[in-house]
Number of protein chains: 2
Amino acid sequence: MAEAGRRRARGGGGAARRAERGTLKIEAAKYIERNIPLFEILTEEAIEIIEYNAETILEEVGVNFVENPTALARWRQAGADVDGERVRIPRGMARELCKTAPSSFVQHARNPERNVEIGGKTLVCAPVYGPPFVRDLDGGRRYATMEDFEKFVKLGYMSKWLHHSGGTVCEPTDVPVNKRHLDMLLAHMTLSDKPFMGSVTDPSRARDSVEMCEVLFGKDFVQENTVMTSLININSPLTFDEVMMGALEVYAQNNQACIISPFIVGGAMAPVSVAGTLTQVLAEVLAGVAYSQLIRPGAPVIFGAFVTSIDMNSGAPTFGTPEASQILYGAGQLARRMNLPFRSGGGLCGSKLPDAQAAYETAHTHNAVLLGGVNFMLHSCGWLEGGLVSSFEKFVMDADQLGTLHKMAAGVTYDEDAQAMDAIREVGPGGHYLGCAHTQANFKEAFWRSDLLDYKPFETWEEEGARDTQVLAGERVKKLLDAYQKPSMDPAIEAALISYVAEKKASMPDAFM
Amino acid sequence: MAEAGRRRARGGGGAARRAERGTLKIEAAKYIERNIPLFEILTEEAIEIIEYNAETILEEVGVNFVENPTALARWRQAGADVDGERVRIPRGMARELCKTAPSSFVQHARNPERNVEIGGKTLVCAPVYGPPFVRDLDGGRRYATMEDFEKFVKLGYMSKWLHHSGGTVCEPTDVPVNKRHLDMLLAHMTLSDKPFMGSVTDPSRARDSVEMCEVLFGKDFVQENTVMTSLININSPLTFDEVMMGALEVYAQNNQACIISPFIVGGAMAPVSVAGTLTQVLAEVLAGVAYSQLIRPGAPVIFGAFVTSIDMNSGAPTFGTPEASQILYGAGQLARRMNLPFRSGGGLCGSKLPDAQAAYETAHTHNAVLLGGVNFMLHSCGWLEGGLVSSFEKFVMDADQLGTLHKMAAGVTYDEDAQAMDAIREVGPGGHYLGCAHTQANFKEAFWRSDLLDYKPFETWEEEGARDTQVLAGERVKKLLDAYQKPSMDPAIEAALISYVAEKKASMPDAFM
């Protein structure tokens, strides 16, 4: 796997001391390019039925574009049947409109080595998005603040297997709602050099996001390149609200990428069956992506699918379940048939703690993401308690686990060295491979090694305090934050960003709704 | 999924009271029959190279059959080149010999509803095998005893998703080594009605196992049917020791099934590369299965592959790693090309505790088992600390997780009901599915539900003690053991088994080596 293992430029004396103190190597792996086949759970017949039914939904039931006369006008103009806010789309029309969307695009980062390609064989991992709470071992569960947000951005920057800085890694509840996006974007732009997401909570905030990118990248660069990938949720079932569509309009007009993503708790926002849910997901994505192409043909978009199952006893959403994995696999197939990049998955779990439940559920989803052809994995790390909590410990635990996906994706090589026939001949029956020439030549790269998990002998482990994964992760969080050094940045650009944020904030009163 | 949900016959008054007290339903799911495709990581070209190289190993390097003149005579007779203990097998000969092994077989249980078919599309789950230690929350880590063993058998009997009672679910270290197998078999035979494994630690103990089965099933039945599946490890690299081969000889002669399984810590007992390891695995299994067919053509055998990776920093074996999954996927392809049932995987992990590490590693392996075509999963549940420890909590945690594999394996149905078009029409844009007719008709079977994991709202969870998975599992262990009721059994057979064990024990002095 190609890895850009470049050491960061050093900062001042304090930073240098911290760097010497720590033993941490800060590396950044390139996004994943799969060299393995995909797992396809749906038969050709099932796909064709789902595709046919999705078109039937668009044609007969239709979708609602709420409080959005411009959107309705666009649809009418395109030839859809618009009745009040209901848009019925003739069979085949949405799929035809979707064809102008690119199958793959590059999202640029301010450090070009961190650019990511989203689509085709790639998998780009981005952290958790949206929780209002944070949790760690010392502080327990509490409302998230901007300080927490910055810590997550720093941890993301230092996580080798994480390719993307994400968006709302937690909701900074101590900052007014109408100004939060400014601080969040400033943190992503200055504390990390990885690509990031823009604000979607209001069309004006999407515009601010574009403007801040113009400061960071230059105005021309932003018009010619994609520098943000933002999350546009569909209000399932079959509803496109004016806030999300307003943000989509801003981004598409500016050639910035959007994930167009049904947000579904199965059995509540979609039918309880996998096939029924996939049908609705497809209808929604067809309508959403088609709409993005009505705004600007060629605008980069991602086929999204965020689907959880539900505990029918309590109504609680459940994660990492077999039905969710089946939907992920199926949605991946549907996305590839549309020739679109695909977003799904994450380190999803329902557990309140980063315990075994959290890890089982997360690993199920991580595995489905890799084999199901996901191109953009949101919530790759740090997600806890059904997305209510960003967990510091789970962030580093999951981020470490992403390394397993890189190694799996690399596939099995079988050149002469990998065949190892000389080694087998050298060692022979009853021998031992540890000392043989082939092992000596290959052992450093042979096996993936966690930077976190415990591989020690029982006695050593016990002497060192019998720490479980959560405790080890808590120590790693502190170690990483202590060793953190800001990536270098043009001071004029940083100053301009800070001014932009200060001016924007001063231009409006605080709002907490 | 077909499930034999039959309630047990009730015992006496105490049992009836316990049954009333408990709210536990004891059910037993049928073994898994996959209705999904498999994941194949090796290209055709890679497979052909590996197969060619494996034959080269057999032909040029050969395998050792140690202290086993009968085996050497059999090989000489078959046309192999025997030089001392080294057996070189001409290209193609081993594969040809393997052709008489069945592609699938039924292992009978004393309760015919628990019979399992091993091979083809099935997956049979058996518990952890071999640890000398046990661990639970109350007692910590300690040497295993016969009392622990019996508890694991009871837990296995009560685990819905576990199809097999297994073998050495822990080593009962308080029973003399030469008598342990008798107590272990008696426990499997009387405390459970699921199929089980025989002893392999000495050929005489394999004979005892067959004799006890003759008491349980009747002599004729045992000669005509497979009633045990036992674990024959190959002493990798390329070595077949006399104890394991002696046990194999007993079982094959009696038409009892054996897993013929290289036991490999990658980089120590095989090359560090995936392709090299697969080549050696194939050579070893070819030789071992061919040998079983020299003993008795048609004897049921399973292509085994137990391969871990290694932490090259410390030499510790590591589990649930991407290399181990790649080898599992590849070995499954090689086994299917031989038309043999395939054994691999388990709830493997290196962690000392049933924590997040344990669950990540276990889930990675469980997922690979399902998609990699494993037919017999040993160590499905309870494995901890690299196989040194049988964990009570992890036993019920993993056993619960096996339910996810059942649901995934069932695949995606897409009949008219599953398409749910009526529901989508009924609910429409902005509606809610919880109350609709389709949901009401399907919600009970729609989503897999854990019997263990926490799905409660945060506040309830906190009020109830903020329990993590390990604590929840500890409570479940107690609940299950408290509610345990012995499955009914012909008292004459039980008495005969007890007499057999007593007489065998009395016939020899205790030995602890």
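Select chains A and B together: eight salt bridges run between chain B and chain A, each a side-chain nitrogen of Lys or Arg within 4 Å of a carboxyl oxygen of Asp or Glu. For one of them, pick A:Arg425 and B:Glu60, whose side chains meet at 3.2 Å, N to O. This is a predicted model, in which local features need pLDDT of at least 70 and side-chain atom pairs count only at pLDDT 80 or more, while totals for chains, interfaces and linings use all residues. Residues are numbered from 1 along each chain as its sequence is written, chains are lettered from A in the order in which they are written, and side-chain values use heavy atoms, without hydrogens and water.

Helix H12 gives the most to the side of chain B that touches chain A, with 10 residues.

Now widen the selection to the whole contact (heavy atoms within 4.5 Å): 109 residues come from chain B and 109 residues from chain A.

Move to helix H9 of chain B, residues 242-253. The end C-alpha atoms of H9(B) are 16 Å apart, which agrees with the 16 Å that its 12 residues should span at 1.5 Å a residue (1.5 Å times one less than the number of residues). Nine of the 12 residues are buried, meaning under 20% relative accessible area with a 1.4 Å probe, protein chains only; among them are B:Met244, B:Leu248 and B:Tyr251.

Note on methods: Helices (H or I, at least four residues) and strands (E, at least two) are DSSP runs, numbered from the N terminus. Buried means under 20% relative accessible area, exposed over 50%, partly exposed in between (1.4 Å probe, protein chains only).
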